[in-house]
Amino acid sequence: MELSEYVQRGFQRLADPCSFDSNAFALLLRAAFQSLLDARADEAALDHPGLKHIDPVVLKHCHAAAATYILEAGKHRVDKSTLSTYLEDCKFDQDRIEIFCTEYQNNKNSLEILLGSIGRSLPHITNVSWRLEYQIKTNQLYKMYQPGYLVTLNVENTDSQSYPEISFSCNMEQLQDLVGKLKDASKSLERATQL
């Protein structure tokens, strides 16, 4: 697991008993899990009276660091021993490690469900179909005589095993622009693979 320097600093500050007493630590940790797992959660969780004595900038920094680490741990399906080792490296004491591990274990299933619903990869285009549509009139009876294209992309989402379709319509110039950008992307990919 690689975390940015900013996240590591916030996480180490969270380990410092001078910055966060054990009650404030537990409240912030619960708030981090709540903000990740509860769609209705808002910043009110950080407005708890037990957190009022902490500078709001430090509080938000440590909250973001804790949430980032929780997500990374869930993404990598970290077990308790790996979690403990990382927390020890960040100078967490045994009590805080135990609180963190307990909270993580209590919310691990919900976190994995949340991460599984987001997915880990982008959908892959499996097929493209198109048809020419010719618009003769609008619903206001104005004569248009404009050609257009209805393009349908069949995609495969490997995470959820679903096969949705993405459809859009465009005029000739927009379609040519799309084809040009796809050709540019293809050429860039070829150059990158030749390096």
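Residues are numbered from 1 along each chain as its sequence is written, and side-chain values use heavy atoms, with hydrogens and water left out. Because the model is predicted, local features need pLDDT of at least 70 and side-chain atom pairs count only at pLDDT 80 or more, while totals for chains, interfaces and linings use all residues.

**Largest pocket**

- The largest pocket holds about 180 Å³ of space. A pocket is an open set of points on a 1 Å grid over the protein atoms alone, where a 1.4 Å probe fits, with protein on both sides within 12 Å along at least five of seven lines. The volume is the space filled by probe spheres set on the points, which are joined across faces, edges and corners.
- Its lining consists of Ile125, Val128, Trp130, Val151, Leu153, Phe168, Leu175, Leu178, Val179 and Leu182; lining residues have an atom within 4 Å of a point.
- Strand E1 (124-137), strand E2 (143-156) and helix H6 (172-194) each give at least two residues to this lining, and H6 has the largest share with 4 residues. Helices (H or I, at least four residues) and strands (E, at least two) are DSSP runs, numbered from the N terminus.
- By class, the lining has 10 nonpolar residues, no polar and no charged. Ala, Val, Leu, Ile, Met, Phe, Trp, Tyr, Cys and Pro count as nonpolar, Asp, Glu, Lys and Arg as charged, and the others, Gly among them, as polar.
- Val151 of this lining lies in strand E2 and is buried, at 6% relative accessible area. Buried means under 20% (1.4 Å probe, protein chains only).

**Second largest pocket**

- About 160 Å³ of space lies in the second largest pocket. Of its 13 lining residues, Gln135, Gln146, Pro147, Gly148 and Asn171 are the closest to the centre.
- E1, E2, strand E3 (165-170) and H6 each supply at least two lining residues, and the largest share, 4 residues, comes from E2.
- This lining divides into 5 nonpolar, 6 polar and 2 charged residues.

**Helix H6**

- H6 has 23 residues and spans 33 Å from its first C-alpha to its last, close to the 33 Å expected at 1.5 Å a residue. The expected span is 1.5 Å times one less than the number of residues.

**Aromatic pairs**

- The whole structure contains 8 aromatic pairs. Rings of Phe, Tyr and Trp (its six-membered ring) pair if their centres lie within 6.5 Å; planes under 30 degrees apart count as stacked, over 60 as edge-to-face and the rest as tilted.
- Phe11 and Tyr86 form a tilted pair because their ring planes stand at 35°, with centres 6.1 Å apart. The pair links helix H1 (residues 5-15), which holds Phe11, to helix H4 (residues 80-89), which holds Tyr86, across 75 residues.
- Phe11 is buried at 0% relative accessible area, and Tyr86 also counts as buried, at 17%.
- The rings of Tyr69 and Tyr86 have centres 4.8 Å apart and planes at 10°, so this pair is stacked. Tyr69, in helix H3 (residues 56-75), is 17 residues from Tyr86 in H4.
- Tyr69 is buried, with a relative accessible area of 0%.
- Phe11, Phe25, Tyr69, Tyr86, Phe92 and Phe100 make up one aromatic cluster.

Terms used
Buried means under 20% relative accessible area, exposed over 50%, partly exposed in between (1.4 Å probe, protein chains only).
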